[in-house]
Amino acid sequence: MVTRRDLMFGAAAFAGSAGAGFLSVGRPVAAREVIAEPIAHGVKSIAFDLAERPTSLPCFNGRTLPLWTFELATTFPIVRVKLGERLDTVFRNNLPREGEVASIHWHGLRIPNTQDGVPYMTQQPIPPGGEGRYSFVPPDTGSFFFHTHCNSVEHFGRGLMGTLIVEGDEITPADGEIVLMMKDWRIGPDGKFLPFSTDEGAAKSGTAGTVRSVNGATSPVISVPSAANVRIRFYNLDPMRISEIGFEDAQAAIIALDGNGVPPMPLESWRLGTAMRVDILLRTAAPGGSIKLYDYFSAEPFVLAEFKSEGPPKRTDAFVPTPLKVMPFAKLDEANAQLIPFEFSATPTGAAVAAIGAGPGIEIGPLCLAKRTFWAINKQAWPGRDHRDLGPPLAVLKAGQSYIFELNNTTPRAHPIHIHGHTFEVLNSSKRDLPRFRCDTILLIPNERIQVGLVAGEPGKWMFHCHILEHQEAGMMGYIEVV
Ligand SMILES: [Cu+2]
């Protein structure tokens, strides 16, 4: 029986046969890159109706909760487009509360600033009864998602999100594909939603859910073909949870991070903060067998999902994961890049609340923000200003120029830091031996300093914030201006 540790040290076996080779565990050397090209043209049109829908998911144990969702048919819609296709979206805001404005942010996509969906900053928000539109050609393949960008703690808490998958990155088609969306729910003993945020949670690591789920079920058992190479697109869509996923007994490789293809790395375990994604290629079990996906970051390893093999074996060959095609990115000019430091810190108020503990829930004002500020970037706490009075950007960048962001977490909490409309190239960490990869959300562990490279993209104001949504709403948010 192969354990995670055996697989870790046995990694060179499949890496070597793939011609990639590993310098050390989980660290690939550069493989020959195949650039993805458009595979389709034309327009894909989708219509969303944002509304409250009483829903009984399997993880609710027979209870029905007032979810807010994008459409009637599914709790988390999966939108698929092919690289090269235009996506046209029209949405109606039918959310059941006066003043509950909405806009849709397309997380991870390098699309024009006007389509970025940030209320007051890139567009006027859509009031209840109103209609909004987006139209863009996703420039990159990968696993992305979309969500509203105002009152996000509650919107995520009620399930208002969906995935956007841009196809066209596979050189060798997988034998199957599974999208896994991990999200907790805050449900009280009375079967109703608990407050989505608390002061104590907002000042610490976020307010945790009480019921775990993947695709709306707790530890679902999912049928897969036997002895097959199945692609798993794993999304951490929780408002606050950090997970570290891995298999106890399987051959599996990470093939993409935040949608960006990487030379396949054996999956020992991978840590994801909220909004982060990982694509995995898994060799499923022999007929009748099953493989469990765990979250090792919980107090006890938690079974996220189980993959049960059915039918005759698909493959008898050795497990040799093929890299995905990658997208062309402007090359980082590291030697001439300007270094810009960012400090992620707690405000004195936040530190005090974290020290003394619980208090009444945070009230979300009409400006998409908490009234209290517990967190800051470069000592600037976002709710000091509203979306209509933006204040100065955290940095001004010139389009096409290279920068190194030094992200310094001076707090005892982890922060997944997200930038809109760009990807970071991870360069180094003060605490961990990280491979070099691209991402739109980078997890800073407590007191960690990470340097990331970035080539400034399209002109505009691009949000830059922690994706623990209570941290974002309590101050850890700002913007970068590209001119
Ligand atoms: Cu944070």
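This is a predicted model: local features need pLDDT of at least 70, side-chain atom pairs count only at pLDDT 80 or more; totals for chains, interfaces and linings use all residues.

Trainee: What makes something a helix or a strand here, and how many are in the chain?

Mentor: Both are DSSP runs, numbered from the N terminus: helices are H or I with at least four residues, and strands are E with at least two. By that rule the chain has six helices and 31 strands.

Trainee: Why is N215 called buried?

Mentor: A residue is buried if 20 or more other C-beta atoms lie within 10 Å of its own, exposed if 12 or fewer, and partly exposed in between, with C-beta atoms placed from the backbone. N215 has 20 other C-beta atoms within 10 Å, so it counts as buried. You'll find N215 in the loop between α4 and β12. Its phi is near 50°, a positive value in a residue other than glycine.

Trainee: And what is N447 called, buried or partly exposed?

Mentor: N447 has 13 C-beta neighbours inside 10 Å, so it is partly exposed. This one sits in the loop between β28 and β29, and its phi is near 60°, again positive in a residue that isn't glycine.

Trainee: What makes β9 and β10 a pair?

Mentor: Two strands pair if DSSP finds at least two bridges between them. Strands β9 (residues 142-148) and β10 (residues 161-167) are joined by six bridges in the antiparallel sense, so they pass that cut-off. Among the partners, F145 is bridged to T163, and G142 stands opposite V166.

Trainee: Which strand does β7 pair with, and over how many bridges?

Mentor: With β9, over four antiparallel bridges; there, I104 has T148 as its partner. These strands belong to an open sheet of four, ordered β5-β10-β9-β7, with mixed pairing.

Trainee: Why are β5 and β7 called edge strands?

Mentor: Each pairs on one side only.

Trainee: Where is there a parallel pair?

Mentor: Look at β3 (residues 43-55) and β6 (residues 86-94), which run parallel and are joined by nine bridges. K44 has L87 as its bridge partner in β6. β3 also pairs with β4 (residues 65-69), in the antiparallel sense, over five bridges, and P54 stands opposite P66 there.

Trainee: What makes a nonpolar core, and which residues touch the most other members of the largest one?

Mentor: A nonpolar core is a set of buried Ala, Val, Leu, Ile, Met, Phe, Trp, Tyr and Cys residues joined through C-beta atoms within 7 Å. The largest has 113 residues, and I254, I280 and I442 touch the most other members. Strand β15 (residues 251-257) gives the most to this core, with six residues.

Key:
Residues are numbered from 1 along each chain as its sequence is written.
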